[in-house]
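Hi,

Here is the structure I promised to pass on.

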Amino acid sequence: MSIRVGIVGISGFGGGEALRLIASHPSFELVYAAGEGSAGSRLIDRFPGVPRKLADLVIEKWDPAALPKLDVLFASLPTGTSAEALARVPDGVKIVDIGGDHRYVEGWAYGLADIWPAQLEGQSRVANPGCFPAATLNALAPLLVNKLIAPGNIIIDAKTGISGAGRGGGDSKFGYAESNENLQPYGLLKHVHMPEIAKTIEHLSGGDASGLVFTPHLVPMTRGVLVTIYCRGTATTDQCLDAARRYYADRAFVRVTDKPPQTKWATGSNLSFVSYAADPERNLVIAMGVVDNLGKGAAGHAVQNANLICGLPETAGLEGASVWP
C-alpha cells in the first residue's frame, strides 16, 4: 500500500528528520515537499544524502491551494505560522502538525501516541505534542493515573539540545560560540509548552495542576531532552517502576529503566525512556524522562501519529535502533 505524503517546512530540523524517516517508510511515499527559502531547490541540493529515488524532487513554495493529491501532510512550521494556512488544506488530506498552533485546539486531536493511541485512530487532524511535553508526560502518566503523586505543585527541570530551537534559531544565542561551554535557562514562568503540560496532567489525574513550575535549560549538545520532575507522593521507587511497567507493557516505544536515563540512549530514535526515584519519608517522588527532541519530540512522534490515523502498525518505519555513540 502506497500512501502519498507531503512535508511543508522540509528544510528545518523537524522537516528534515521527517524526510529521513519517510524515505525508508514501508508505506509512505513522499511526493510533495514545500518550504520558503528553499523553494526551487531539489531535495539533493539541500540534503546530499537523500535516497536516489527522492533526489530530484523539487521543493515548492508553500501554498495550501496548490497541493497535489495527498493522503497525509506533515507540517513542520514555526509556532504561530501554520493555523491560517492549514485551515485551507482540503478536508480529505490528513494533517499532522509538528508545530504548536493546534495543541488542545477544537477539531484537533492531541497526539500523545504512547498514552492515548486509541483516541487517534481515524482522526484527520492531529497536533503533535512538543518535545518537553513528550518527555514529561510519558514519565508522569503512570504516576498520575495510579494516584501515586499529587497533580499540583509539580516542578519540572528540563534540559534540551540546541536543535530544539529549530534551524533558524531565532537569534545569536543558538550559535556555536554562544552555546558551546554554556548552560542557560530560558522561558521562565511562561514557556509555550506549559499550558499543554498542565492540561494533560489534569486530564490524566482528574485533579488540579496549579502550582506547576517548568524551567527549560539550553545545553551545548545537538539533540536530546532530559526532564527531572519533582512530585509529592509516598510511593516507593519500586511502586513507581512497577506502575510504569504495567502502564507501558504493550507500548512499543517507552522503555522503563531502573537506571537514570541518558539522552544518548534515545538519539536518532522514537524511543522514550522513563525512570523513578522516591523517598516516601520525605513525601518525594522524582520522575525522569528522556527523548530525542527531533525523534519522539517531533518527527518520530509525528510518523507514529500518522501511522495510527492511517490504520498502519504504529511502529512502521520507526523500529530502527538509536544511534550510538
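Let's start with two helices: the axes of H4 (residues 131–145) and H6 (residues 194–205) come within 9 Å of each other, with a crossing angle of roughly 20 degrees. Bear in mind that this is a predicted model. Angles under 35 degrees count as roughly parallel, and H4 and H6 are therefore roughly parallel to each other. The crossing in which H4 passes H6 is right-handed.

If you want to click through the side of H4 that makes this contact, pick Pro133, Thr136, Leu137, Leu140, Ala141, Leu144 and Val145. From H6, the contact residues are Glu196, Ile197, Thr200, Ile201, Leu204 and Ser205. Sorted by type, the residues of this H4–H6 contact come out as 9 nonpolar, 3 polar and 1 charged.

Next, the aromatics. Searching the whole structure turned up 5 aromatic pairs. One of them is Phe28 with Phe74, an edge-to-face pair with 6.3 Å from centre to centre and 65 degrees between the planes. Phe28 sits in strand S2 (residues 28–35) and Phe74 in strand S4 (residues 72–75), so this pair ties together parts that are 46 residues apart in sequence.

Finally, the annotation. UniProt, in an unreviewed entry, lists residues 4–123 as "domain: Semialdehyde dehydrogenase NAD-binding". In the model, that span is 16% helix and 21% strand, and its end C-alpha atoms lie 17 Å apart.

Cheers

Note on methods:
Residues are numbered from 1 along each chain as its sequence is written. This is a predicted model: local features need pLDDT of at least 70, side-chain atom pairs count only at pLDDT 80 or more; totals for chains, interfaces and linings use all residues. Side-chain values use heavy atoms; hydrogens and water are left out. Axes are lines fitted to C-alpha atoms, for helices over the stretch in contact, and angles run from 0 to 180 degrees between N-to-C directions. Helices (H or I, at least four residues) and strands (E, at least two) are DSSP runs, numbered from the N terminus. Angles under 35 degrees count as roughly parallel, over 145 as roughly antiparallel, 65 to 115 as roughly perpendicular and the rest as oblique. A crossing is left-handed if the near helix is turned anticlockwise from the far one by less than a right angle, and right-handed if clockwise. Contact means heavy atoms within 4.5 Å. Ala, Val, Leu, Ile, Met, Phe, Trp, Tyr, Cys and Pro count as nonpolar, Asp, Glu, Lys and Arg as charged, and the others, Gly among them, as polar. UniProt positions are given in the numbering used here, feature names are shortened, and annotations may be inferred rather than shown by experiment. Rings of Phe, Tyr and Trp (its six-membered ring) pair if their centres lie within 6.5 Å; planes under 30 degrees apart count as stacked, over 60 as edge-to-face and the rest as tilted.
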